[in-house]
Amino acid sequence: MLVLFLICSSCKSQNKKPNKVIVHANKSVEIYSDAIGKEIKQIIDKNAEELLKDSLINSLSIGLYINNVSFAFNYGELTKEKGDIPTNKTIYEIASVTKTFTGTLAAKAVLEGKLTLEDDIRNYLPKPYLNLEYKGEPIKIKHLLTHTSGLLGDVITLDTEINQNSDEIGFNKIVVAHENKKTKTAFFESLSKINLTVKPGTKFNYSNAGTNLMGYILEKVYKKPFQKLIMTEVVAKAQMEDTHFDVPKNKRHRLANGYLLGKPMPETKLANTLWGAEGALKSTTSDILKYIIYQFKNNAIVKESHKKIFEAGPDYWICYFWWSIEDQNYDLHFRHDGGISRAKNVLAIFPEKKIGISIITNESSVRVNQKLNDLMHNIYNELK
């Protein structure tokens, strides 16, 4: 499907009338009237402008897929007082949303018989790792995909102890410096020192280490570099043209700057230290909309990646890194959030209403998390 995006870029005070949206699908052309586009824009504008009242958040990019049409809306400015409004081609670090790409590749590997969910992960590791079991129960592939392996968030110990009283900026500086010094050799050395304290598959513990281990295993079963696999088997299949682990030089002028509590933050090096499976991708609103369309395709790999594997709570499941959420407050949706030292984002897929929403801002404070969650649900509830 080739989609010509309606780009509604506006500052807080702007209210431009959208053009017609033309969708080419199966050689047919549908034209949606300005009236429909205007109604959607009014809903997005109202909710976005409410969020932008928070002085901490100075930019917002929203991608919306609804009625088989993709829309991109952009607000504010990437740099305060510079007037540099983001566009649907602005490149952001999408952080942990990268995990859904890793999960998609894992789903492909399962369907192709490269591995199974019940496999002992040690079958694919460079040495026995007798420590990666608890009372005879090994870590399995499904445990990596659902953050129930028993591994900590990170297997490599911090060089500098984090003071419990550290502020957000101090904490992030230490973590970023730690991330940037990681090596694959140190990763495997640390893995051999792990002592599991819970039976794998019984307790949720969000683990970037487990996600990178999944990336390594996928690399082994396909006998190709993990990042190349993601680019050819997921990014290319979704027809995403501006999604990269390392942004090419000719596109770096489009890479968004980022902030933490209003302070400029440096770009991370996740793509160049370990496998980058946990959060190294960069993308645009335009490309994320293509990824949303890919999630709605009648595709066996996508269906497998949405398969419920571990129940973390009532109507709260983990799939192939995707969250599957449905309770009395929310309609069924597949979701993942992303947070890095210079950006926050949320991606949600509502299969029953066939609505997809992506929201990105270049401010990373933890107080932004709930605001993006509320904005996403407010938009969905008004549109459904």
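Buried means under 20% relative accessible area. Asp54 has 9% relative accessibility, so Asp54 counts as buried. The model is a predicted one. Asp54 sits in the loop between helix 1 (34-51) and strand 5 (59-66). Beyond its neighbours within four places in sequence, Asp54 is in contact with Arg367 and Lys371.

The largest nonpolar core holds 69 residues. Phe101, Leu151, Leu191, Met214 and Ile217 touch the most other members. Helix 6 (residues 208-222) supplies the largest share of this core, eight residues. Take Ile217 as an example. Setting aside residues up to four places away in sequence, Ile217 touches Leu115, Ile121, Tyr124, Leu125, Ile141 and Leu144. Another core, of 29 residues, lies apart from the largest one. Its members include Ile57, Tyr75, Ile357 and Ile359.

Aromatic side chains come next. The count comes to 14 aromatic pairs. One of them joins Phe188 and Tyr216 edge-to-face, 4.9 Å centre to centre, with 70 degrees between the planes. Phe188 lies in helix 5 (residues 184-191) and Tyr216 in helix 6, so this pair ties together parts that are 28 residues apart in sequence. Both Phe188 and Tyr216 are buried.

Phe204 and Trp323 also pair edge-to-face. Trp323 has a relative accessible area of 14%, so Trp323 is buried.

Other rings have other partners. Phe101, Tyr291, Tyr294 and Trp322 form one aromatic cluster. Phe101 is also one of the residues that touch the most other members of the largest core. At Tyr129, a charge is involved: the charged end of Lys127 sits over the ring, 5.3 Å from its centre.

Now helix 4 (residues 168-180). This helix has 13 residues and reaches 18 Å from its first C-alpha to its last, close to the 18 Å expected at 1.5 Å a residue. Its buried residues are Ile169, Asn172, Val176, His178 and Glu179. What covers them includes strand 10 (258-260), strand 11 (263-265) and helix 8 (270-273).

Glu179 leads on to the charged pairs. Side chains of opposite charge can pair when their charged atoms come close. The count comes to 22 salt bridges. Glu179 forms one with Lys182, the closest N and O atoms being 3.2 Å apart. Both Glu179 and Lys182 are buried. Asp154 forms a salt bridge with Lys182 too, with the closest N and O atoms 2.9 Å apart. Asp154 is in the loop between helix 3 (141-145) and helix 4, and Lys182 is in the loop between helix 4 and helix 5. The pair links distant parts of the chain, 28 residues apart. Lys182 has 10% relative accessibility, so Lys182 counts as buried. Asp154 has a relative accessible area of 24%, so Asp154 is partly exposed.

One further salt bridge pairs Asp242 with Lys251, the closest N and O atoms being 2.8 Å apart. Asp242 has 5% relative accessibility, so Asp242 counts as buried. Lys251 is buried as well, with a relative accessible area of 14%. Salt bridges that share partners join Lys89, Asp242, Lys251 and Arg254 into one network.

How values were computed: Residues numbered from 1 in each chain as written. Predicted model: local features only at pLDDT ≥ 70, side-chain atom pairs only at ≥ 80, totals over all residues. Heavy atoms only, no water. Core = buried A, V, L, I, M, F, W, Y, C linked by side-chain atoms within 4.5 Å. Buried < 20%, exposed > 50% of the residue type's maximum accessible area, 1.4 Å probe, protein only. Helix = DSSP H or I, 4+ residues; strand = E, 2+ residues; numbered from the N terminus. Contact = heavy atoms within 4.5 Å. Phe/Tyr/Trp six-rings, centres within 6.5 Å; stacked < 30°, edge-to-face > 60°. Lys NZ or Arg CZ within 6 Å of the ring centre and 35° of its normal. Expected span 1.5 Å × (residues − 1). Salt bridge = Lys/Arg side-chain N within 4 Å of Asp/Glu carboxyl O.
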